[in-house]
Amino acid sequence: MTEPYAVPVPKGYRVGVWEVREPIATGAFGSVYEARRTDGSRDLPRTAALKFLPTGTGTPRQLTHLRELIDREVELHRRLKQPRLIRMYDTLVVDDPASPALDGATILVLERAEGSLSALVAAEPRPAAGPALLAQICEGLAQLHHAGWVHGDLKPANVLLMADGSARLADFNMAAELEGTHAYTPAFSTPDYTPPELLWSEIGERGRRIRPSADVWAFGVLAHLLLTDSFPLPGATPSARRDAAAAYARGTDDLRLSAELPDAWREIVRDCLTRTHEDRVGTQDLLRRVEAAAGTSRSPRLPRALLPRRRSRRTAVAAAATAVVAVSALGYGINLWVGDGSDGGGTPGGKPTKVSAASYGAAELRTDKGIPVTYRRLIVDSAHNCVHQEVTPALIAALLKAESNFDPDLSDPSVGKEGEYGIARWTPSLLRWWIRDDGVPATETPRPPITPAESIPAVGRYLCYMQPLLDKKGLSGDRQVLLAAAYRTSTRVVNNAGGVPPKYRDYAARVAHYLKEYTPPGKK
């Protein structure tokens, strides 16, 4: 392994009837390994993917959200067994006190995939079998929706390809069961595949309300990408495309589909990408139209040609290793690897590559201005979790610099009634509302010390919440600096002052200075 694994598991380690073999991929909170079965049972496959999630270690506050995501995924797997959904064979819990890093870990025993749609598109931007793939993906959506579930995060990385080339929907961390017309999911998604109505949706105690029509929008984006190697809304970055989606939804811009989109698919994509959810095509009707356009029936498998074409043996082995390790794990709900797109966080269809911590997000955050490497990933990812363009990695870094000079151990108990703590100088009672990434306040007020892993994502969530609350007109000054001022005081105080209040002008000036310093040339 070239990267430390979140859950290190030695080769040959045994749990249940499985023996761990080779690593597949890792993320911040879990790791996936190939495993082989050690008994003679015919009820299980010979190989599987073991997804290790460390739910028995760490603090309850740190692991509550992970536990909830696991519960979502396990519940869906247990209740739905469909041919277009990646299969879960079993769940296990490690009982190994002699191995503290593993003891108590939850394991999901999943179907072993050979790659993902992301890897396929990277190898062959417009695969000839794209229409047949879309038919299988749509069939998976229809199966989910018919059973009363919403996927919530459909994108190429979450479509896995099996050994025979057939497609499976995967990564059900965001999936939720419908309650009438809506389901409730964590308040985060991938901007390129998020419908306009969710860009401004309110986040309640149970998370964000979502309809099956959100999956239909995501399918339309995916279909356009797979058939034309481009997104249906203009823009060189996810932020620009998100703004284009907002303008389209407001009626100030039109949908301009690629001229290369085949006629048979143009109306399908257009009916997926309507301005409002009410006008979007229903899933069953969509499936019938997609199958007609693809000229397919619901066969259980697709041709092997769906997998990347063979080159020389050495090249093929290297490419397969990169594709499976860097991309297919995303569909298992593990996300550490990114593409080499201009955003520094990758774009769908970009070549899979591994980005070091020191250069992570370099297109959006300077690497030569003293921002600690330790916090780069937290800063960049926290900004990307917000749909508002004002919340950037550079803004979060500038705010942290102004607040604490990146001191994770800051402790100032003399401020106010509670004091301020950690790299972002959080007041514990306020942090309680933002420490969780599912939109639900923590049941208990956090107690110092407050770690950067808790502080920095909460800054992103809080800024994202405040941005729409700042007056759209009548405020003087840079919107990003005004957001920072609101972080230090409140949106109400900033709105009433018509800009940065006099008391906070020195602070705002420091933020503005570092914001300019941390923003790469050419970025606004």
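**Helix packing, cores and a sheet**

In this predicted model, H11 crosses H13 in a right-handed sense. Helix H11 covers residues 393-404 and helix H13 residues 452-466; they pack at an angle of about 115 degrees, and their axes lie 11 Å apart. From H11, the contact uses Leu395, Ile396, Leu399 and Leu400, while H13 supplies Ile456, Val459, Gly460 and Leu463. Sorted by class, this contact of H11 with H13 holds 7 nonpolar residues, 1 polar residue and no charged ones.

The largest nonpolar core has 54 residues, and those touching the most other members are Leu117, Leu134, Ile137, Leu154, Leu169, Phe219 and Leu286. Among the elements that give two or more residues to this core are helix H2 (117-123), helix H3 (130-146), strand E10 (167-169) and helix H8 (283-294). Helix H5 gives the most, with 10 residues. Apart from neighbours within four places in sequence, Phe219 is in contact with Leu134, Ile137, Cys138, Leu141, Leu154, Cys272, Leu286 and Val290.

The strands can be taken next. Six of them form an open sheet in the order E1-E2-E3-E4-E6-E5, and the pairing is antiparallel. Strand E1 (14-15) and strand E5 (88-93) are at the edges and have a single partner strand each, so one side of each has no neighbour in the sheet. Strand E2 (residues 18-26) pairs with strand E3 (residues 31-37) in the antiparallel sense, over 6 bridges. Ala25 has Val32 of E3 as its bridge partner.

Terms used
Residues are numbered from 1 along each chain as its sequence is written. This is a predicted model: local features need pLDDT of at least 70, side-chain atom pairs count only at pLDDT 80 or more; totals for chains, interfaces and linings use all residues. Side-chain values use heavy atoms; hydrogens and water are left out. Axes are lines fitted to C-alpha atoms, for helices over the stretch in contact, and angles run from 0 to 180 degrees between N-to-C directions. Helices (H or I, at least four residues) and strands (E, at least two) are DSSP runs, numbered from the N terminus. A crossing is left-handed if the near helix is turned anticlockwise from the far one by less than a right angle, and right-handed if clockwise. Contact means heavy atoms within 4.5 Å. Ala, Val, Leu, Ile, Met, Phe, Trp, Tyr, Cys and Pro count as nonpolar, Asp, Glu, Lys and Arg as charged, and the others, Gly among them, as polar. A nonpolar core is a set of buried Ala, Val, Leu, Ile, Met, Phe, Trp, Tyr and Cys residues joined through side-chain atoms within 4.5 Å. Buried means under 20% relative accessible area, exposed over 50%, partly exposed in between (1.4 Å probe, protein chains only). Two strands pair if DSSP finds at least two bridges between them.
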